[in-house]
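Here is a guided walk through one protein chain, written for someone who is new to reading structures. Please keep the sequence and the 3D view open while you read.

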Amino acid sequence: MTDTSDADARPDGEDFTAASPVRPGPDEAHAAPKEGVGLCLSGGGFRAMLFHVGVLKRLNAAGRLRTLDRISSVSGGSITAGLLGLRWSKLNFEAEVATNFDELITEPLRAFAHTKVDLPAVAVGALLPYLSISDRVVGKLKKHLYGDATLQSLPVAPRFVINATNLESGVLLRFTRAYVADYKVGRVNNPTVPLADAVAASSAFPPFLSPFELDLSDARWKTESGNVYTGAGYRSDILLTDGGVYDNLGIEAVWKRCRTVLISDASGHIDGDPDPGRDWGHGIIRVLHLLDSQVRSLRRSAVVSAFKSKHDPHDGFFISTLSDLSTWPKPAKRPYPKVDPVITGRLAKISTRLTDMPDEQQELLINWGFAAADAGLLAFVDEDLPPAELPYPNRPLAEAHDA
């Protein structure tokens, strides 16, 4: 998975080979990924939720939605993935294209993007000690998207993996239909955890929506090789935070298992700030954002290096709200759709909050996800991919004089 060419090492022998994007777990150091296609949906609040809708719409229009073997998500990406998983069995595929995708996925998520989730949850959680912030978020998710569905409502295939960060063990806790598991703590098979709880834990962005408390004290835990934290304290009331704290691209659950990896990154970037604040509150938040930005940058660099390495078996694409398609390989530069990096740059700066988003921003984000996925497929997967019209043609990604 790393390029060991001479160009990557210094004369003094220090190794500067490209790092693997993920850290191997127990017994995985020499495991090669199997044939299969995995999709990774990053965090980024409602911005990510809608950008990923555009990506999924392009995969669907290309007849590639049912080729996915595994879908891994964190934070805002988990909101989208959770609904896709819940509605998967109801998608009506004709010639490999789900004809009711918008009805079952796009429209409910767009309606949810008009909901104010974060500030009301924080306010009520602060005023009513018997109702936590997490309870409020779960209530919104149940009311608008998931109802009383549990992890058992997800399909057997493809496998949906919703990731949260375990504050106690320091690694990911994964929610799937087959199990809830943390490789340091153990596994609970066939869990009946509410789907809304899994998504709320995955999107418990610190410091305001975190932590999420998951009670698995009555679950039947299975101890496996590599589990080091098996005491009751680690297997009862588990404190979780946003999955993006550990892995904002959601690639851990895919990279080690699938040879083809499609990564949709809507996590954006951090701007300069001439006055970040001198009080400890603003200072801590700014430091957290900087740390998060640096970790994301390292992951991105590792992924791109791995894709370029002749020694790495993976193929696929990495697309981002920050992608500049003008620099991409020629197959991505089809005459449609025109994409202005100034416009897409503004989209990447949209707040990652879970609050009411105007229709114009929603439609531009979906169009941008669609166009970026189109470019990724063309450049790195299928250079003969037929064109498809943007979901919202009246929301162009370039100024009128460039159209």
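In helix H3, Pro 108, Leu 109 and Phe 112 meet Lys 140, Leu 141, His 144 and Leu 145 of helix H5; contact here means heavy atoms within 4.5 Å. By class, this meeting place has 5 nonpolar, 1 polar and 1 charged residues. Ala, Val, Leu, Ile, Met, Phe, Trp, Tyr, Cys and Pro count as nonpolar, Asp, Glu, Lys and Arg as charged, and the others, Gly among them, as polar.

The model you see is predicted: local features need pLDDT of at least 70 and side-chain atom pairs count only at pLDDT 80 or more, while totals for chains, interfaces and linings use all residues. Residues are numbered from 1 along each chain as its sequence is written, and side-chain values use heavy atoms, with hydrogens and water left out.

How do the two helices pass each other? The axes of H3 (residues 101-112) and H5 (residues 133-146) come within 10 Å and cross at roughly 145 degrees. Axes are lines fitted to C-alpha atoms, for helices over the stretch in contact, and the angles run from 0 to 180 degrees between N-to-C directions. The crossing of H3 and H5 is right-handed, a label used if the near helix is turned clockwise from the far one by less than a right angle, with anticlockwise giving left-handed.

**The whole chain**

Now zoom out. The chain has 11 helices and 13 strands; helices (H or I, at least four residues) and strands (E, at least two) are DSSP runs, numbered from the N terminus. Of the 403 residues in the chain, 51% are buried. Buried means under 20% relative accessible area, exposed over 50%, and partly exposed in between (1.4 Å probe, protein chains only). Among contacts in the chain with a separation of 6 or more, 76% are between residues 24 or more positions apart.

**Buried places**

Helix H6 (residues 195-202) is mostly covered, with 8 of its 8 residues buried. Among them are Leu 195, Asp 197 and Ser 202.

His 52 lies in helix H1 (residues 45-61). Why does His 52 count as buried? Because its relative accessibility is 0%. Leaving aside residues up to four places away in sequence, His 52 touches Leu 41, Ser 42, Gly 77, Thr 80, Ser 264 and Ala 266.

Gly 376 sits in helix H11 (residues 359-380). Gly 376 is buried because its relative accessible area is 0%. With residues up to four places away in sequence not counted, Gly 376 touches Phe 317, Ile 319, Trp 328 and Val 381.

Leu 354 is found in the loop between helix H10 (341-348) and H11, and Leu 354 counts as buried because its relative accessibility is 8%. The table gives a partner for each residue.

| Residue pair | Separation along the chain | C-alpha to C-alpha distance |
|---|---|---|
| Gly 376 and Pro 331 | 45 residues | 9.2 Å |
| Gln 361 and Arg 47 | 314 residues | 8.8 Å |
| Leu 354 and Met 49 | 305 residues | 9.7 Å |

**Backbone details**

Which peptide bond is cis, with omega near -5 degrees? It is the bond from Ala 157 to Pro 158. Pro 158 is found in the loop between H5 and strand E5 (159-166).

Ser 75 has phi near 50 degrees, a positive value in a residue other than glycine. Ser 75 lies in the loop between strand E2 (70-74) and helix H2 (76-87), and Ser 75 counts as buried because its relative accessibility is 7%. Glu 96 is not a glycine either, and its phi is positive at about 70 degrees. Its place is the loop between strand E3 (93-94) and strand E4 (97-98). Is Glu 96 buried or partly exposed? Glu 96 is partly exposed because its relative accessible area is 36%.
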